[in-house]
Amino acid sequence: MTELTRLRIRLVFADGAMLGPGKADLLAAIAETGSIAASGRAMSMSYKRAWQLVETLNASFADPLVIRSRGGAGGGNATLTETGKTVLAAYRRLETGAAEAATAEIVALEALKAGK
């Protein structure tokens, strides 16, 4: 698989809830920055959009994935819960496993595309 070709995984659960690369990246950014606002900025999205995605994620699972505390003099913060960490790790393993399993087919498709 070349550096430019990517396999993107989006899970669509039976109830219609979705988990894909954008939400996973947002969870990872929140884990890194401790901030929904900073994570949104890093991903070129508004705080409102990042906050909406967090709310969607929290509503999609039995336990919340992100907990927030209100801002004060130093501002608020956000952290992944244990469930959030587990969901993110499982999604990343799914991405890695799918990419490894699909490598031969992707290479074959790239070769056919190159020969167009």
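Which residues touch the most other members of the largest nonpolar core? In this predicted model, local features need pLDDT of at least 70 and side-chain atom pairs count only at pLDDT 80 or more, while totals for chains, interfaces and linings use all residues. Residues are numbered from 1 along each chain as its sequence is written, and side-chain values use heavy atoms, with hydrogens and water left out.

The answer is Leu27, Ile30 and Val66, out of a core of 19 residues. A nonpolar core here is a set of buried Ala, Val, Leu, Ile, Met, Phe, Trp, Tyr and Cys residues joined through side-chain atoms within 4.5 Å. Buried stands for under 20% relative accessible area, exposed for over 50%, and partly exposed for anything in between (1.4 Å probe, protein chains only). At least two residues of this core come from each of H1, H3, S4 and H4. These labels follow DSSP runs numbered from the N terminus, with helices (H or I) of at least four residues and strands (E) of at least two.

Spanning residues 21-33, H1 has 13 residues and covers 18 Å from its first C-alpha to its last, close to the 18 Å expected at 1.5 Å a residue; the expected span is 1.5 Å times one less than the number of residues. The buried residues in H1 are Pro21, Lys23, Ala24, Leu26, Leu27, Ala29 and Ile30. Their cover includes strands S2 (18-19), S3 (66-69) and S4 (77-80), along with helices H2 (36-42), H3 (47-60) and H4 (82-114). Leaving aside residues up to four places away in sequence, Ile30 touches Ser35, Ile36, Ser39, Val54, Val66, Ala78, Thr79 and Leu80, where contact means heavy atoms within 4.5 Å.

Next come the charged side chains. A salt bridge puts a side-chain nitrogen of Lys or Arg within 4 Å of a carboxyl oxygen of Asp or Glu, and the count comes to four. One of them pairs Asp25 with Arg92 at 2.8 Å, N to O. This pair links distant parts of the chain, with Asp25 in helix H1 and Arg92 in helix H4, 67 residues apart. Asp25 is partly exposed at 36% relative accessible area, and Arg92 is partly exposed at 26%.

Arg68 and Glu55 form another salt bridge, their closest N and O atoms 2.8 Å apart. Arg68 sits in strand S3 and Glu55 in helix H3, so this bridge ties together parts 13 residues apart in sequence. Both ends are partly exposed, Arg68 at 38% and Glu55 at 29%.

Lys85 and Glu82 also meet in a salt bridge, at 3.3 Å from N to O. Both lie in helix H4, three residues apart, or about one turn of the helix. Lys85 is partly exposed at 45%, whereas Glu82 is exposed at 56%. Shared partners, meanwhile, join Asp25, Arg92 and Glu95 into one network of salt bridges.

Finally, the structure holds one aromatic pair. Rings of Phe, Tyr and Trp (its six-membered ring) pair when their centres lie within 6.5 Å, with planes under 30 degrees apart called stacked, over 60 edge-to-face and the rest tilted. The ring centres of Phe13 and Phe61 are 6.0 Å apart and their planes stand at 80°, so this pair is edge-to-face. Phe13 belongs to the loop between strand S1 (11-12) and S2, and Phe61 to the loop between H3 and S3, so the pair ties together parts 48 residues apart in sequence. Phe13 is partly exposed at 35%, as is Phe61 at 23%.
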